[in-house]
Amino acid sequence: MREKREADTCSYQCSSPDATQTSTAEDRLAHLESLVRDLIQGSATTSTAKSSASDIQINSSYDSDPRTPAHIADSEPGTRNAGSTHWSVILDDIHGIKAALGQHDYFPESGQIGMSSASPCRRDIIIFGSANNYPMKMIISHYLPSKLEVDRLLAVYFQGEAFIIPFIHATQFQHQYRAFWEDPAASNPLWLSILFSICSAATMVLGMAGIAPTTREDAMADVRHFQEVAGKCLIRGEYHRPQQYVLEALTLYAQTINMQSLDPSREVGAIFGMILRMAYEMGYHRDPDSLGSITVFEGGMRRRFWALCKQVDLMVSFQLGLPSNICLENCDTQSPRNLVDSEFDRGYHCLASFAQ
């Protein structure tokens with residue numbers, strides 16, 4: 001019976017590589033199940049036979065030596081034997097299953113784990129969302145306001161002093177903004193998330209100041225609307241992967257949440273924890289001068305961002321009663337220079353057009 005079951009696991013069909021891997025895994029699982037069943041049956045038979053033999057031995061020797069039953073009972077555990085090859089075969093089959101599934105989508109290879117965009121990880125996991133649910137054309141056509149309205153909101157944001165983020169360079173953003181309107185559907189989803197988060201923050205400022213064209217309740221509804229679209233753009237851009245604009249987009253998204261309440265938000269703490277881990281992975285804790293392949297402008301912006309990370313991490317950790325996520329002993333990033341955007345740019349024009 002054993003040989004028949006093992007023979008049934010053989011497969012001679014020619015199929016595609018994916019089908020072959022799946023078939024191999026299923027065959028190994030069936031073989032493992034067969035071994036476990038044999039092990040259970042063999043253990044039950046052995047236990048029954050030993051129990052009967054022990055009863056006969058105990059009854060026949062009890063009158064001659066009362067210590068014999070105790071001696072037999074003490075030696076019983078050491079006499080168990082489930083077969084010398086069963087456990088090693090089971091372990092080999094388990095390793096074989098892992099190897100077979102490791103070549104499929106269940107276990108990514110160790111060399112593919114990291115920042116590579118070719119990672120085989122699934123992109124529709126619920127916690128990250130599915131990028132296919134939010135195509136760029138749909139976001140642009142359904143959620144993007146008119147250019148006149150966006151211009152007005154950007155002017156409000158960049159004229160503010162209390163809530164503006166230092167790692168968004170005004171003149172660089174203006175250059176990107178002009179390029180965006182030339183072909184909105186071709187823009188980076190993470191950069192578009194930055195734009196919607198800025199619109200959300202500016203709308204909130206207008207609503208709180210009472211100068212919005214609608215009521216404060218309607219203004220807050222617009223704030224949540226922009227924030228929702230910014231989140232969709234984060235999903236579209238696969239915010240969980242280290243890449244360009246991802247840290248800025250996540251930080252601005254967290255800021256829009258934090259501005260809506262004076263109470264500390266655990267959601268912001270969770271988002272910022274992810275931001276810090278990604279910033280470490282992208283080397284923001286190391287000074288740009290030691291990296292070598294970063295321009296002066298990019299190095300200055302990285303210092304700005306890391307300085308903000310240290311400040312926000314200290315504030316959020318204090319509010320939530322948690323230890324800081326940044327170990328300063330492991331960081332050597334210098335403080336940013338005391339330069340305004342007009343003194344520190346890449347040759348773009350001034351941002352006066354937003355205020356017009």
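**Briefing: pocket lining and overall build of a predicted model**

The lining of the largest pocket comprises 14 nonpolar, 5 polar and 4 charged residues (nonpolar: Ala, Val, Leu, Ile, Met, Phe, Trp, Tyr, Cys and Pro; charged: Asp, Glu, Lys and Arg; polar: the others, Gly among them). The model is predicted, so local features need pLDDT of at least 70 and side-chain atom pairs pLDDT 80 or more, whereas totals for chains, interfaces and linings use all residues. Residues are numbered from 1 along each chain as its sequence is written, and side-chain values use heavy atoms, leaving out hydrogens and water.

**Fold**
- The protein has 12 helices and 0 strands (DSSP runs, numbered from the N terminus: helices H or I, at least four residues; strands E, at least two).

**Largest pocket**
- A pocket is an open set of points on a 1 Å grid over the protein atoms alone, where a 1.4 Å probe fits, with protein on both sides within 12 Å along at least five of seven lines; lining residues have an atom within 4 Å of a point.
- Gln172, Gln244, Tyr245, Glu248 and Tyr284 are the closest to its centre among the 23 lining residues.
- The helix α12 contributes the most to this lining, with 5 residues.

**Burial and cysteines**
- Of the 356 residues, 40% are buried (under 20% relative accessible area, 1.4 Å probe, protein chains only).
- Cys199 is buried at 2% relative accessible area, and Cys233 is buried at 0%.
- The whole structure contains 0 disulfides (pairs of cysteine sulfur atoms within 2.5 Å).

Methods. Buried < 20%, exposed > 50% of the residue type's maximum accessible area, 1.4 Å probe, protein only.
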